[in-house]
Amino acid sequence: MTKKLTRRDFLRLSALAGGMAFIQACRQAAMPLTAVPSARPAGSLPTQGAPTGTAAQPTGTSAPVDQPDPTRQPEKVDIVIVGAGIAGLTAAYALMDRDIRVLEANAKVGGRTTSGQRGPFRYARGTEYLGEPEGVLRKMVRELGLKAVEIPEPMDALFRAGTIYAGYELETRATIAESSIAAYNRFLTQMQSSLAGYEDVPDYDPAGDQAWMDQESAADWFDELRVGKIFRERYNVAARGLFGANLQEISALCALPEFAYDYEDTSPISSLEDLQSDPDEFETSGAFTFPGGISDVTDAIAQTLGSSLVLNAPVQKITKQADGYLVEYANHKALLTNRVLLAIPAPLALQIGVDVMSTRQRELLAQIEYAPYLTCALFSDSPIFTKAFDMALPDGRFLTDLYDSTWVQRAIDPALRSEKSYIASAYIAGQSYHERSILELSDDQVLERLIADLQDVDPQIGTKITGIDIQRYPHAYPVLVPGAYARMIELHKENARGGILLAGDYMIYPTFEAAAESGQLAAELV
C-alpha cells in the first residue's frame with residue numbers, strides 16, 4: 001500500500017538547536033562569517049460586479065504626512081526592524097520585551113502573505129498553505145491562540161488532456177499512464193535516496209556529500225536520473241509555481257525537499273491494484289492553513305506589537321553615527337538605534353543599507369535575483385473549479401495552479417457549503433524568472449490570458465466570471481540558483497559577525513515557515 005504525504009510539510013526546520021549551534025560555533029572560531037506586493041486595489045470586469053469586503057487590518061500606527069523639521073531630534077530606540085513580513089514579525093515577536101520599532105513601507109503587514117474577502121469567504125492573495133506548524137511558528141501560533149486547520153483531501157489534483165485527476169490515487173494513475181509502473185518506482189526511489197542526506201540552511205554543510213547538488217541545476221539532475229517526460233513536465237510547472245523559476249534555473253538542492261517529499265513515505269508498487277486504498281487512508285493531507293488564511297498569523301502578530309509597529313513608513317536611508325545607526329523614514333522622520341535588522345527583499349535591503357553593510361554582505365546580496373509572481377482571484381456565482389484544493393495545470397501555460405479558495409471554509413463551516421458564491425484563484429508565473437514583463441500586463445490582459453488557458457477546464461469560464469482581484473509581486477521569491485545554499489551559509493556567517501542583521505527567505509529557503517525561522521535566528525543574535 002502506498003501513502004502520499006504533502007509537499008511543504010517536509011520543511012520543518014529543527015531551527016534553533018542546529019541554527020544557534022552553528023552561530024555559536026562561528027563566534028567561537030571567529031569565522032568570517034519578504035516579498036513586498038505591489039499595492040493595488042481589487043479590480044473588476046468592465047460591466048460586472050467588483051469584489052466586495054475588505055481584509056481585516058492589524059493595528060499599528062500610520063506615519064502621518066508632515067513637513068521637514070531640521071531641528072527635530074531623532075527618537076531613540078534599542079532595535080529597529082525594517083519590514084513586517086513573517087521574518088520581520090517573527091523577529092519582533094521574539095524581541096517584544098525590548099524597546100523596538102518595526103517600520104513597514106506598506107499599509108498592511110504580511111508581505112506576500114495577504115488575504116481578501118468576498119462575501120462570507122476569505123481568500124488568499126499570496127501564500128496559500130503550509131506544513132503543520134513546527135518550531136518557532138508552532139510556538140507563536142499557540143501563544144497567539146490560533147488554530148491551524150488541516151486542508152481536507154483531495155488536496156491536490158492534476159489536469160491532463162482535458163481530464164481532472166483529483167487525489168493521490170488518480171494523480172498517480174495518470175502519471176503511470178504516461179510512463180510506466182517501473183518509471184514511477186524508479187523516480188520514487190531516486191527521490192527517497194536523495195532526500196536521506198538533506199540538511200536545511202543553516203545546518204547545511206557546503207563541503208558535505210550533497211554540495212554537488214547545490215552546484216547543479218535541477219534540469220541537469222533530472223537528466224542524470226533519466227526521468228521520463230511526464231515527470232519533467234510535472235515538476236517544471238511545480239518549480240514555476242513554487243519558486244517562480246524553471247528546472248534549468250534552480251539548483252537540484254533547492255528542488256529536492258519539495259519534489260522528494262511527495263514520495264518520502266511512499267512504497268513502490270507492483271501493480272495498479274496497489275493504489276486501491278482504504279477510504280480512510282487519505283482523509284488527511286498534512287497541509288494546513290487558518291480559517292482566514294495564512295494572514296491570520298501575520299495579522300495576529302501585528303496586533304501584539306501595538307504602537308511598536310509603524311505602517312506606511314518606507315525607510316529611505318540608514319547611516320552609521322557615533323552613537324548608533326540613524327534610520328531615516330517616511331516624511332523626514334528618523335530613529336537612532338543600537339541595532340538594525342533588515343527583513344525585506346535583498347534588493348531593497350541593499351538599496352537602503354548599502355552604507356552600513358559589510359563589503360561581503362553587499363557582494364552577496366547583489367547576487368540574489370527575484371522571481372515575479374501574480375495571483376488572480378476569479379469570482380463567480382457558479383463553480384469554476386471545486387474538485388480539490390489545488391490543481392496543477394500542464395506546463396507551458398500562463399498559470400501554474402488553480403485553487404478553490406472556498407475549499408477549506410466550506411469544509412469547516414457547514415453553513416457555507418450551500419453558499420452560491422465561488423472563488424477560483426489562479427497563480428501565475430513566467431516560463432522563466434527573467435520574464436518580468438508579466439508585471440506590466442493590465443488587468444484585462446491578465447484576464448484574457450487566463451480565460452484562454454482555462455477554456456479546456458471550463459468552456460463557460462468567460463461567461464461565469466463576475467469580478468477579479470489581481471495582486472502583483474515583483475519580489476515574490478528569491479531564486480535559489482546553483483550555488484545559493486553556499487551563499488546563504490555565508491550570509492549567516494556575516495550575521496554572526498555583528499553589524500547590520502539580515503532576515504528573510506533569501507537567507508534560508510523561500511517558504512513562509514523558513515522565513516519565520518530566519519527571523520527567529522536573527523532575533524537570537526540581537
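**Figure 1. An aromatic cluster in the predicted model.** In this predicted model, one aromatic cluster is formed by Tyr-184, Phe-187, Trp-221, Phe-222, Phe-231, Tyr-235, Phe-259 and Tyr-263. The count of aromatic pairs in the structure comes to 18. Among them is the pair of Tyr-184 and Tyr-263, with ring centres 6.1 Å apart and planes at 65°; the pair is therefore edge-to-face. This pair links distant parts of the chain, 79 residues apart: Tyr-184 belongs to helix 5, whereas Tyr-263 lies in the loop between helix 9 (252–260) and strand 10 (287–289). Tyr-184 is buried, because its relative accessible area is 2%, under the limit of 20%. Tyr-263, with a relative accessible area of 6%, is buried as well.

**Figure 2. The aromatic pair of Tyr-198 and Tyr-485.** These two rings are arranged edge-to-face, at 6.3 Å centre to centre and with 80° between the planes. Tyr-198 is located in the loop between helix 5 and helix 6, and Tyr-485 in helix 16 (residues 484–496), so the pair ties together parts that are 287 residues apart in sequence. Both Tyr-198 and Tyr-485 are buried.

**Figure 3. Charged side chains over aromatic rings.** Arg-118 is placed over the face of Phe-379, at 4.6 Å from the ring centre. In a second example, the ring of Tyr-325 has the charged end of Lys-320 over it, 5.0 Å from the ring centre.

Figure 4. Pro-154 is part of the loop between strand 7 (149–150) and strand 8 (156–160).

**Figure 5. Positive phi values at Arg-226 and His-332.** Arg-226 is a residue other than glycine with a positive phi, near 55°. Its position is in the loop between helix 7 (218–225) and helix 8 (229–243). Arg-226 counts as exposed because its relative accessibility is 60%, over the limit of 50%. His-332, likewise not a glycine, has a positive phi near 65°. This residue lies in the loop between strand 13 (324–329) and strand 14 (333–342). With a relative accessibility of 54%, His-332 counts as exposed.

How values were computed:
Residues are numbered from 1 along each chain as its sequence is written. This is a predicted model: local features need pLDDT of at least 70, side-chain atom pairs count only at pLDDT 80 or more; totals for chains, interfaces and linings use all residues. Side-chain values use heavy atoms; hydrogens and water are left out. Helices (H or I, at least four residues) and strands (E, at least two) are DSSP runs, numbered from the N terminus. Buried means under 20% relative accessible area, exposed over 50%, partly exposed in between (1.4 Å probe, protein chains only). Rings of Phe, Tyr and Trp (its six-membered ring) pair if their centres lie within 6.5 Å; planes under 30 degrees apart count as stacked, over 60 as edge-to-face and the rest as tilted. A charge sits over a ring if NZ of Lys or CZ of Arg is within 6 Å of the ring centre and within 35 degrees of the ring normal.
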